Amino acid sequence: MYSEIEGRSTQFRALAVILGLLILVGLSAAMYMEHYGHYVTGMSNQIVWGTPHVFAIFLIVAASGALNVASIGTVFGKTMYKPLGRLSGLLALALLIGGLAVLVLDLGRPDRLIVAMTTYNFKSIFAWNIYLYVGFIAVVVVYLWMQMERRMNRYAKAAGMVAFLWRLVLTTGTGSIFGFLVAREAYDSAIMAPLFIAMSFSFGLAAYVLVLLAACRGSGRELGDVIVQRLGRLLGVFVAVVLYFTVVQHLTNLYAAEHIGVERFILLDGGIYTMLFWGVQVFIGGLVPLALLFRTTPSGAANPNRRVALACALIIVGGFAQIYVIVIGGQAWPLNLFPGMEVSSSFYDGVVASYTPSLPEVGLGLSGIAIAGMIVLFGIKLLRFLPISLANPSLDPQAIHESSN
Amino acid sequence: MSLRRYAIAMGAVTLASLAGLTAATGDVPYPDIPKGQGEACVEDTDFMRRNHMSLLMHQRDDTMRKGIRSEQHSLKECLDCHAVPGSDSIPVTVEDPKHFCRSCHDYAAVKIDCFQCHASRPEQEVVAEAREE
Amino acid sequence: MTAKDFDPARRSFLGNAAAATGIALAPGVFLYGVGATTQAVARGLDEAASSAVRWGMLIDLNRCDSGCNECVSACNKENGLQGHGRPETDAQWIRKVEVRDPKSGHTQSLPVMCQHCEDPPCVDVCPTGASFKRPDGIVLVDKHTCIGCRYCISACPYKARSFVHEALQDQKPHAPRGKGTVESCTLCVHRIDDDRQPACVEACSDTGGGAMLFGDLNDPDSEISKRVATYATQQIRADLGLNPGVRYRGL
């Protein structure tokens, strides 16, 4: 039912070269930043987490969501989705490793990675996250093994359950990195964790569908519209849930007088952040995909998968905007040391911090995507991750049941 | 290529590189380690050779976390005595290969990153004041 | 079985060893006991900081002048904070903040630095434990363990911390600081351990308005404790429940 792709076409080679070059660009950007110090980036003492972190957090959030597809098949027993499970695990691994790489390479002292992995302050959610991320890699590897080795198939459900719960804890942890920051008005909220969970469902599935479409198209494998449409409708539900949590987050904040300032900033007069929030996150990344995904397809329409693919791409763009607004917009709003007062100082108290993404940061961030891409590209070439066919008839539950025994 | 031939080729390459490497390093001279000032170090040379790294790694935790600043094992004291004067008789920083720590560490090819944070020579204004007296 | 022989050599050795240990420890125990409770006796260099002490500062804003920057200059000089002409990324351990009440028009100036909280959020969030609180209340960054993730900078409510954005040279030997690590006001821990005052406090009393007072908040006989007990003092963002060691009078 599964086979490796040939991986000898010009397309494949060209993609490998491009991804390789992007990775090199990212590595050189990291070396440049590490050698000269972070003053060469756009980050400052006011905006300490910048573009690399936007990319890293997107990748990590999408990674946990990408694993959902496997869970639908193994844990929730939807037979039609079972063939998608292996690619889902591979993508989850790839995205997480890409995100972690960006995070680690941006550290002020990346040479101290060993220290980070052996010295822990367990009161820190960050420390827990390190365990969750590394553990996730191990859990997914085991999960893939259970799926891919016939003798271990009967343990796949248990492994899938562990993986599902693990990624829920992981994403809660990622959201809590922000949610636990009492000092920052944009973050201090219990809703950050569920918001991140919702985001992971949405971004992860969007990434998965795009990768699936690309992989099947690139290797000439049939991908029927039944499965894509179903995934598309599921994706639409996830997009709606993200919008819901976003609404709740901002509505609740608006009710508290102490948060009016930051809400005004994000929703009204924050310049780039307001534009990204309404224009990209809500409209391009939320409302337009909803329209695309829930429009009923007139029968006989040409290539319905294209509409789903477009929706996925828009969701991802909207996702980046959402994380940019959260991470950078949240830091741009000044800390409130003296509530109700106007302040000024030589250390940028009381002013909205300015930030412009710099080339090294963007280069590093893009290399995270490239690393993920490279892992998927060579994964499906070296091992049997991709199903031979996902054409409509072959997704008949009876046929799957027969072939997997 | 068969596995056996591959293994032989790899073995030959490895041996050749090892031989080449040892030949290349064979003629690096033993460094001329500058003598420290004062009569003697706080510990004798053999002890320091073997243990200065543990002193540095563990004593620093006592100093940082608990505030124990015994002068005997203070990094500042080490640098005061082991300062190496440059051509202008001002102690050199770690950028200069003549620096005390570098004279050994360059030879042993063990990278040290202490001086990313720590000053690598005694504070210059203080030294200037001492000279004026 | 023969009766176990009584070994006088061993018994006397043990006795002598015990006596020697007692004699060696006694002065240390005595000094430690005395030093922990009395402000006057300095802590020996070989002794650990004690939690019986809590260092704090009291800043009288009635004496803090808007145009005066003595504390900032003194801190920069003491700790080797060179400006690089890049105010967005240059480190600042202490700064003067001008506060204006928009409803009344009243203005005020005050120095803000690491508040050395009793329950520091920066210590809670540090993944490696590099950000820590010494037993005597001083919050520090252990640059040996800091990986430069900047999470503590995000967590600090007082914007007290800075990240070192460039390679440094010729640091002050008593104030190590390096590229890629996070730093903040150390309450001049190197001076405190040497029984002196923080540089900002010294400068303020020498050439400034005499607004800053440093001392042991746990010692009821210290000047700072007496003043804090007599006059009304405030902490910045007291609502966060962090109990900073820096207090202001007239905020």
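I took a residue as buried if 20 or more other C-beta atoms lie within 10 Å of its own, as exposed if 12 or fewer do, and as partly exposed in between, with C-beta atoms placed from the backbone. I noted that this is a predicted model, in which local features need pLDDT of at least 70 and side-chain atom pairs count only at pLDDT 80 or more, while totals for chains, interfaces and linings use all residues. Residues are numbered from 1 along each chain as its sequence is written, and chains are lettered from A and ligands numbered from 1 in the order in which they are written.

**Entry 1: A:Phe238**

I looked up A:Phe238, which lies in helix 9 (residues 225–255) of chain A; helices (H or I, at least four residues) and strands (E, at least two) are DSSP runs, numbered from the N terminus. A:Phe238 counts as buried because it has 23 C-beta neighbours inside 10 Å. Leaving aside neighbours within four places in sequence, I found A:Phe238 in contact with A:Ala198, A:Phe201, A:Ser202 and A:Leu205, where contact means that the C-beta atoms of two residues, placed from the backbone, lie within 7 Å. I also noted that A:Ser200 is 38 residues from A:Phe238 in sequence and 9.0 Å from it in space, C-alpha to C-alpha.

**Entry 2: helix 6 of chain A**

I checked the length of helix 6 (residues 125–148) of chain A: at 1.5 Å a residue its 24 residues should span 34 Å, and its end C-alpha atoms are 34 Å apart, which agrees; the expected span is 1.5 Å times one less than the number of residues. Its buried residues include A:Phe126, A:Leu132, A:Phe136 and A:Tyr143. The buried residues of this helix pack against helix 4 (85–106) and helix 7 (156–179) of chain A, together with helix 3 (121–125) and helix 4 (151–155) of chain C.

**Entry 3: confidence in chain A**

Chain A averages a pLDDT of 92, and 95% of the residues score at least 70, pLDDT being the predictor's confidence in each residue, from 0 to 100. Among the elements of chain A, helix 2 (residues 51–66) has the highest mean pLDDT (97) and helix 14 (residues 397–403) the lowest (57). Where pLDDT is low, the predicted coordinates should not be read in detail.

**Entry 4: chain B and chain C**

I found 5 helices and 0 strands in chain B, and buried residues make up 15% of its 133 residues. In chain B, 18 residues are in contact with 21 residues of chain C. The largest share of the side of chain B that touches chain C, 4 residues, comes from helix 2 of chain B.
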